Amino acid sequence: TKHTRLWTREQQPPPMAKLGEGDDRWIVKEREDGRNVNNWHWSETSYTEWAREKLGARFEGVAIGDGTRSAGKLLSLETMKGDVTVQSRKQKRFPLYELELTIRWEGQLFDASGGTAVEAKGRIKVPDLSEETYDDLEMTVLCDEETDAKRPLKELVRKEGGKAVRAACLAFVEELKETVMKGHEPPPQKAPPRERFNAGYVAASAETAKTGAVKVVYSYNPPPHVLYETLLDTQRIRGITASDASMSTEVGGKLMMFSGAVEGENAELKPFDGERAVIKWKWRFSTWQPSHWSTVLITMVKQDDGSTKLTLEQTGVPEDERERTERGWKGMLFEPMNAMLGGRVIGA
C-alpha cells in the first residue's frame, strides 16, 4: 500500500540558497492542519487510524447463525497491520490500502433444553485486504482449543462468520471510497506522521548521506518487449501518469516524468532478447540535492505463459524518502500500468 511524494506537475520553487547555507526555503515546514502548502500539487494523507476505528466498529458484536441450536458472534478487531493512505494529485484523490486483520469470535452450542453445552473462542485471520482482494477475501478460522466437541462451532464461524467478515470488509471499502470521493478528511491524530509535499523539499546533506533501497515486483500479462517499449515511450508514459513526460530510447538520452518532478538519464538499455529486457536509469527527484542521484534497474523476464515478471530495484534513495518512493512507484506508475495492460503485484 491500498502506500512517496511522486510524480506530478510542480510549481517553480523560489531561488534556493547555496549548498550548506541552511536556508529555510529548502524545507516546506510541517503544518498541523495538513494543508497543501503553497498549493503544491501532490500530497499523501494517512487514513490508517480512521480505518482502524471504522473496521473495529464493523466487527464488534456481529451475530453469527440463527441462534436455534448454536450461536456465535464477532467480538472485536484484535489487530490491524498495514497502512491506509489517500493520495491527492491534480485535485484527484484515491485511496491505497493493504491490511492484515485478526478478528476475535466466540460461539455456543445449545443442548435440548436450550442451555449452553459447549463454548468456544478463536480468531479469524484475513492475510490481505487490498484493492486486488477485497471482493474475494481469503481467510483462516482458528479455534483457541481444537477439540471434536468444538468443531461444529468452528465450522459455523467458517461458513457464517466468513460471510459476515466479507460483508464488513466490503462495506468498509465502500465507505472509504465514498469518504475520499466527497473530500472528507480524517480527524486529526494525536501523533500524525510526518508529511511532506513533492515540490517543497530538498534532502539535507546529512540525510542524503544515508541512503536505502527500494524493490518492487509485478507480474504483467503482456510479454517483456511490450513493457520495455511502454516504459520508454513518451506518449504512453504521459497517458499512464496523466502528466507531462519526455522519454528517450537511446543510451545517454534524458528523461523527464511527472511534469518535471522526476528527471534522469538512460544509463543502460537492453531490448528483449527472447528471455529478458533491461532498463537502467540514472534517476532523481528534481527536489533532491543537485548532486544526488539514485540508480533504477528494471528487469523484465518472460514467464512460461508468455507474461512478464517485472522487478524494479532502486538504490541510493535518501533513507527518509525510501518508503514514500516505493509507494509512488506502485501508486503512480505500476498500478496505472496494471489497469492499462493487466497484471498484479507479486511481492517486493
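A residue is called buried here if its relative accessible area is under 20%, exposed if over 50%, and partly exposed in between (1.4 Å probe, protein chains only). The model is a predicted one, so to speak of local features takes a pLDDT of at least 70, and side-chain atom pairs count only at pLDDT 80 or more, while totals for chains, interfaces and linings use all residues. Residues are numbered from 1 along each chain as its sequence is written, and side-chain values use heavy atoms, with hydrogens and water left out.

With a relative accessible area of 15%, serine 248 is buried. Its place is the loop between α5 (234–241) and β8 (254–257); helices (H or I, at least four residues) and strands (E, at least two) are DSSP runs, numbered from the N terminus. Leaving aside residues up to four places away in sequence, serine 248 touches Leu232, Gly253, Lys254 and Asn266, where contact means heavy atoms within 4.5 Å. Leucine 232 is 16 residues away along the chain, with 6.0 Å between the two C-alpha atoms. The serine 248 side chain also reaches the backbone nitrogen of glutamate 250, at 3.1 Å.

On to the rings. Those of Phe, Tyr and Trp (its six-membered ring) pair if their centres lie within 6.5 Å; planes under 30 degrees apart count as stacked, over 60 as edge-to-face and the rest as tilted. The count by this rule is 9 aromatic pairs. Tyrosine 47 and tryptophan 50 form an edge-to-face pair, because their planes are at 70°, with the ring centres 5.8 Å apart. Tyrosine 47 is buried at 1% relative accessibility, and tryptophan 50 is buried at 9%. Tryptophan 50 also pairs with phenylalanine 172: the centres are 6.1 Å apart and the planes at 40°, so this pair is tilted. That pair links distant parts of the chain, with tryptophan 50 in helix α1 (residues 48–58) and phenylalanine 172 in helix α2 (residues 151–181), 122 residues apart. Elsewhere, one aromatic cluster is made up of Tyr218, Tyr220, Trp283, Phe285, Trp288, Trp329 and Phe334.

Tryptophan 293 has charges over its ring: the charged end of lysine 282 sits 4.8 Å from the ring centre, and arginine 284 lies over the face at 5.4 Å from the centre. The rule asks for NZ of Lys or CZ of Arg within 6 Å of the ring centre and within 35 degrees of the ring normal.

Note on methods. A polar contact is a pair of N or O atoms within 3.5 Å; within protein, one must be able to donate a hydrogen and the other to accept it, and residues adjacent in sequence count only if both atoms are side-chain atoms.
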